[in-house]
Amino acid sequence: MRRDVQEARSSQCKEAKDRYEKSIQARRIFRTGKDGEREYLTDAEADEWRLKARSEMQEACTAPSS
């Protein structure tokens, strides 16, 4: 069971790192609207998105304290 948990955390960490790296490299960030159209974020919203992605990456990649 411990190994399964470690594998899951490793996978979550990798996905979070990928998401963060993409958000840093992207010039413009968008979300898909209800009609399927791209809605581009403002600079302030993009900064918030990047901070959230960074926080999620740090949380996913930090070993839990036992």
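Helices (H or I, at least four residues) and strands (E, at least two) are DSSP runs, numbered from the N terminus. This is a predicted model, in which local features need pLDDT of at least 70 and side-chain atom pairs count only at pLDDT 80 or more, while totals for chains, interfaces and linings use all residues. Residues are numbered from 1 along each chain as its sequence is written, and side-chain values use heavy atoms, with hydrogens and water left out.

**Figure 1. The whole chain.**
The chain has two helices and two strands. From the N terminus, their order is α-β-β-α. The radius of gyration is 15 Å, well over the 11 Å that the globule rule gives for 66 residues, so the chain is more spread out than a compact globule. That radius is taken over C-alpha atoms, and the globule rule is 2.2 Å times the number of residues to the power 0.38. Along the principal axes, the C-alpha atoms fill a box of roughly 40 × 25 × 15 Å. Of the 66 residues, 18% are buried. Buried means under 20% relative accessible area, exposed means over 50%, and partly exposed lies in between (1.4 Å probe, protein chains only). A contact means heavy atoms within 4.5 Å. Among contacts between residues at least 6 apart in sequence, 53% join residues at least 24 apart.

**Figure 2. The disulfide between Cys13 and Cys61.**
A disulfide is a covalent bond between the sulfur atoms of two cysteines. Here the term is applied to a pair of cysteine sulfur atoms within 2.5 Å. A search of the whole structure finds one. The sulfur atoms of Cys13 and Cys61 are 1.9 Å apart. Cys13 lies in helix α1 and Cys61 in helix α2, so the pair ties together parts that are 48 residues apart in sequence. The torsion about the S-S bond is about 105°, so this disulfide is right-handed. Cys13 is buried, at 12% relative accessible area. Cys61 is partly exposed, at 31%.

**Figure 3. The largest nonpolar core.**
In soluble globular proteins, nonpolar side chains tend to be buried together. A nonpolar core is a set of buried Ala, Val, Leu, Ile, Met, Phe, Trp, Tyr and Cys residues joined through side-chain atoms within 4.5 Å. The largest one in this model has five residues: Ala16, Tyr20, Ala53, Met57 and Ala60. Helices α1 (2-25) and α2 (43-61) each supply at least two of its residues. The largest share, three residues, comes from α2. Leaving aside neighbours within four places in sequence, Ala53 is in contact with Tyr20 and Ser23.

**Figure 4. Arginines over aromatic rings.**
A charge sits over a ring if NZ of Lys or CZ of Arg is within 6 Å of the ring centre and within 35 degrees of the ring normal. Arg28 lies over the face of Tyr40, 4.4 Å from the ring centre. The charged end of Arg38 sits over the ring of Phe30, at 4.0 Å from its centre.

**Figure 5. Glu39 and its contacts.**
Glu39 belongs to strand β2 (residues 38-40). Its relative accessibility is 37%, which counts as partly exposed. Not counting residues up to four places away in sequence, Glu39 touches Ile29, Phe30, Arg31, Gly33 and Lys34. Ile29 is 10 residues from Glu39 along the chain, and their C-alpha atoms are separated by 8.5 Å.

Glu7 is partly exposed, with a relative accessible area of 43%. Between Glu7 and Arg31, 24 residues apart along the chain, the C-alpha separation is 29 Å. Asp18 is also found in helix α1. Asp18 is partly exposed, at 35% relative accessible area. Asp18 and Thr42 are 24 residues apart along the chain, with their C-alpha atoms separated by 22 Å. Ala63 is exposed, at 63% relative accessible area. The C-alpha atoms of Ala63 and Leu41, 22 residues apart along the chain, are separated by 32 Å.
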